[in-house]
Amino acid sequence: MTAARRLLLPLLLVLVGVLLTPAAVTAAPRSALPGTLHLQMVPPIRGVPVAVDGNTGRSDAKGRVNIRVRNFLGLDERLKVGAAMVSADRKVVLDRFRGSVDHGVRDRIVEVGLRTIRRVGWRYIDRFESPVPVERVTSMRLRSNTGEIIELAGDQLAKPLWLAESRTQQGPRGLTSKRLYYVVDAVMVDGTSVVNRAGQKFVPWDRQSWVVQLLFFKVSFTASDMFFPRRAGSGIQLTRADGRVQRLRFGPDGSVLVPDLPRGTYTLTVHGGGLSFGRPVTISRDQEVMLTVISVLDLTLVAVGVFGVAVGLVLLGRPHLRRPFRALRLGARRAGRRRWRPSAAAGLVLLALLTAGGLSAVPARAAPAAPTTSASPSVPVLAYYYIWFNPTSWNRAKSDYPVLGRYSSDDQEIMRRHVRMAKAAGITGFLVSWKHTEQLDERLAALVEVARAESFRLGIVYQGIDFSRKPLPLATVRTDLALFADRYAADPVFDIFDQPVVIWNGSDRYSATEVADTVRQAQQKLQVLGTAKSVSVVNGQSALDGQAYYWSSADPLVDRSRDKLTAMSRAVHLRGGLWIAPVSPGFDARQIGGRREVPRRDGETLRASFAAARLSQPDALGIISWNEFTENTYVEPSEEWGSRYLEVLADLLGVAPHPDAQLDSSADGDDWGLPAWAALILAIGAVALVPLWIYRGRRRRRAAATPPAHTGATRSEEAPLHH
């Protein structure tokens, strides 16, 4: 018992001590203790300043900072990541933290997202990489991929510019830095933009010094007499888009060369040598422009013709004035010679000759030549058209580029020029590759607006597959078709057949039942075609309104494509469907992993493909393609081939477009809508009508004043009707 008491007494003392110890002595939480905060800059940039609790630090080459803190409580308010210059051309500002800074209490690395800003500069060059003085540029508009618009003018064009270079965003594994890019929307010179919109892209992170290429062209101007094959005029008056007028004199060879004319539309007038009407001309390439002058000699010839008509009409109405001429004629006969007898008939002949001369004086480009072939089909000719091009699209798997530049499909001016080139070559419309996305919806709406203004037709190729070529969910297909039908089913732009045509790319990936259920509602407003590649699939898709075979890799000079197309056509027509037969100028998809190449053979492949398609009795021809530059099936004028394949196609279709009509929108004629020769002939006709009207009036008055002959009562009673 004594031993137990001895042990109990120390235990009681310990217990009393514990009870009497203050609570503050208990262990403090780790967040309240001093420690080291580990920060990681995103993106990893050296030299970013960090300050907390009087301690400062800067990020190392890997963007890391380790800094002592007195505790981790309320650290968000005490930690300062300052906006700072980290190099001569880059500065940073704090964007965000990932989570809370207090997480660093457990030796975790805290991510610090930064926005970076870069100082960039630029210079201008022409197509041949020669420098263009900045003084020639009036303004420039840049647009970032985040939608920011930057307008520069005046002194701003010559000074470096600070641009947002990157921003951070939250990803599944933490913060990531997204680099920004900018495209050049417009560079204004002399009142016109000399770049293709969004055709040039710059990433400040990769390049601090930009080179902006401007479209200047070498243009030669000449003028000729309207009726006679000779040079005319002493020079031209050139009115630029900004209203500035410039006079240029012709050289000894009768021409004037402007080596650096900005792309745009100008009004041209010839001065000296006669009468010249203003003519609008659109410059979009190196070219020669021929103008027409009505010279003094032309006017004299017209005056003589008008005088001859007037004299002939006067002599016709006054027989007594013709007696001297009759005597001269009789004298000439007696002398064995025949002289010209001035008469109304002679005057009319002269007028006819003048008219014929005026017509023959029309430049070749003003009147299209007669078709060189009678192969013009009686069916629509539709070219597959792609609206997916962004500035970055041209950086992947391309070996050739459009003559119009590396354009963006947002550019409505590019669309307009595409439509005009296609129409000039005999193409009826475009089959537009589309599915429901915000960007493609906007581009389709812009193209519809252009097509409506140009009286051009459109159809749709609905992309029912994704980028990896997997079929879209049927619910998505059904919704997209309904959306298109609601927006465009009644639009005359899509009036190629009885209803708008929609080609469902990928329809062969579904069962016949799935296809029928998906298109049943849409077929009330649309004609939905499939893309079957065999007769068996055609027979299994009887619910569709026809088929459009996208067969661009066939070699019509080697393969038995003619037999297959004929079999496909027969199967489609047996079911009462529409058949769109494929026509292609060649194929080469090796840059995207393909192995097949079909050479173009300077147009022979296109001719053979066209012939095979025509023999299949199609309801329309599908040209593959207008602008598929990845698979090299395009007929759009390009840097390598020029307009060669549009010319071959035009020849096959029985039209003869002039290159000017394909590559620019130059308008032959006067500002008031008529060529000079037509205006002159109309003036001749108006002047000739004056003596005719006078002569007719005199005849009526003379008839009214003449006493009635003794031919009976009926004649006398009719006389008052002339009054």
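Buried means under 20% relative accessible area, exposed over 50% and partly exposed in between, with a 1.4 Å probe and protein chains only. Keep that in mind for this tour. The model is predicted, so local features need pLDDT of at least 70 and side-chain atom pairs count only at pLDDT 80 or more, while totals for chains, interfaces and linings use all residues. Residues are numbered from 1 along each chain as its sequence is written, and side-chain values use heavy atoms, leaving out hydrogens and water.

**First stop: β26**

Select residues 429-434, strand β26, where six of six residues are buried. (Strands are DSSP runs of E with at least two residues, helices runs of H or I with at least four, numbered from the N terminus.) Now look at the side chains: Gly 429, Leu 431 and Ser 433 point one way, and Phe 430, Val 432 and Trp 434 the other.

**Second stop: the neighbours**

Find Tyr 386, standing opposite Ser 433 in β26. From β25, follow the chain through helix α6 (residues 412-424) to β26, a right-handed β-α-β crossover. Right-handed means that, with the strands pointing away from the viewer, the path from the first strand over the helix to the second runs clockwise.

Next, select β27, also parallel to β26 and joined to it by six bridges. Here Gly 429 stands opposite Arg 457.

Conventions: Two strands pair if DSSP finds at least two bridges between them.
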